[in-house]
Amino acid sequence: MSLTVSVTTSTDTATISLAGELDAASAPAFHDTIEQAAAAGVTHVVIEASRLTYMASAGLRSLVFARQKMGDDVVITVSGPSAPVARTIRQAGFDHSVTLIDE
């Protein structure tokens, strides 16, 4: 399954909705969206992950890219990930770099 990425931006928040699989083939689309959010100068990025069914190691690298691109002053929240996606983020220890909100 491919990845569908959409973004909405308000004054200070970019909400990025992901649906499908975040892997090596789909990571560039996510990176493009992170670039858009960084250019908009937002202070909070919400990654809506409730429809993200799979995250490969390339997906984790994409979260690292987002953290580096946005800088330490920007809050990054991963909202509503499935149990397997949340487990992947936690096992990598990346839940210390982003706010993980299980729903």
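A residue is called buried when its relative accessible area is under 20%, exposed when over 50%, and partly exposed in between (1.4 Å probe, protein chains only). The model is predicted, so local features need pLDDT of at least 70 and side-chain atom pairs count only at pLDDT 80 or more, while totals for chains, interfaces and linings use all residues. Residues are numbered from 1 along each chain as its sequence is written, and side-chain values use heavy atoms, with hydrogens and water left out. Helices (H or I, at least four residues) and strands (E, at least two) are DSSP runs numbered from the N terminus.

**Strand S1: Leu3**
- Leu3 lies in strand S1, which covers residues 3–9, and is buried with a relative accessible area of 14%.
- Leaving aside neighbours within four places in sequence, Leu3 is in contact (heavy atoms within 4.5 Å) with Leu18, Ala19, Gly20, Glu21, Leu22, Ser26 and Leu52.
- Between Leu3 and Arg51 the C-alpha to C-alpha distance is 9.9 Å, although 48 residues separate them in sequence.

**Helix H2**
- Helix H2 comprises 14 residues (57–70) and spans 20 Å from first to last C-alpha, close to the 20 Å expected at 1.5 Å a residue; the expected span is 1.5 Å times one less than the number of residues.
- Buried residues of H2 are Ala58, Gly59, Leu60, Ser62, Leu63, Ala66, Arg67 and Met70.
- These buried residues pack against strands S2 (13–22), S3 (44–55) and S4 (75–79), and against helices H1 (27–40) and H3 (83–91).
- Ser62 of H2 has a relative accessible area of 1% and is therefore buried.
- Beyond its neighbours within four places in sequence, Ser62 is in contact with Leu22, Ala27, Phe30 and His31.
- Gly71 follows H2 and has a positive phi, near 85°.

**Packing of H1 and H2**
- The two helices pack at an angle of about 15°, with axes 10 Å apart; axes are lines fitted to C-alpha atoms over the stretch in contact, and angles run from 0 to 180 degrees between N-to-C directions.
- H1 and H2 are therefore roughly parallel to each other, a term for angles under 35 degrees.
- On the H1 side the contact involves Ala27, Phe30, His31, Ile34, Glu35, Ala37 and Ala38, and on the H2 side Ala58, Ser62, Leu63, Phe65, Ala66, Lys69 and Met70.

**Strand S4: Thr77**
- Thr77 is located in strand S4 and counts as buried at 8% relative accessibility.
- Its side chain makes a polar contact of 2.9 Å with the side chain of His44; such a contact is a pair of N or O atoms within 3.5 Å, where within protein one must be able to donate a hydrogen and the other to accept it, and residues adjacent in sequence count only if both atoms are side-chain atoms.
- Apart from neighbours within four places in sequence, Thr77 is in contact with His44, Val45, Val46, Ile47, Thr99 and Ile101.

Conventions
Parallel < 35°, antiparallel > 145°, perpendicular 65-115°, else oblique.
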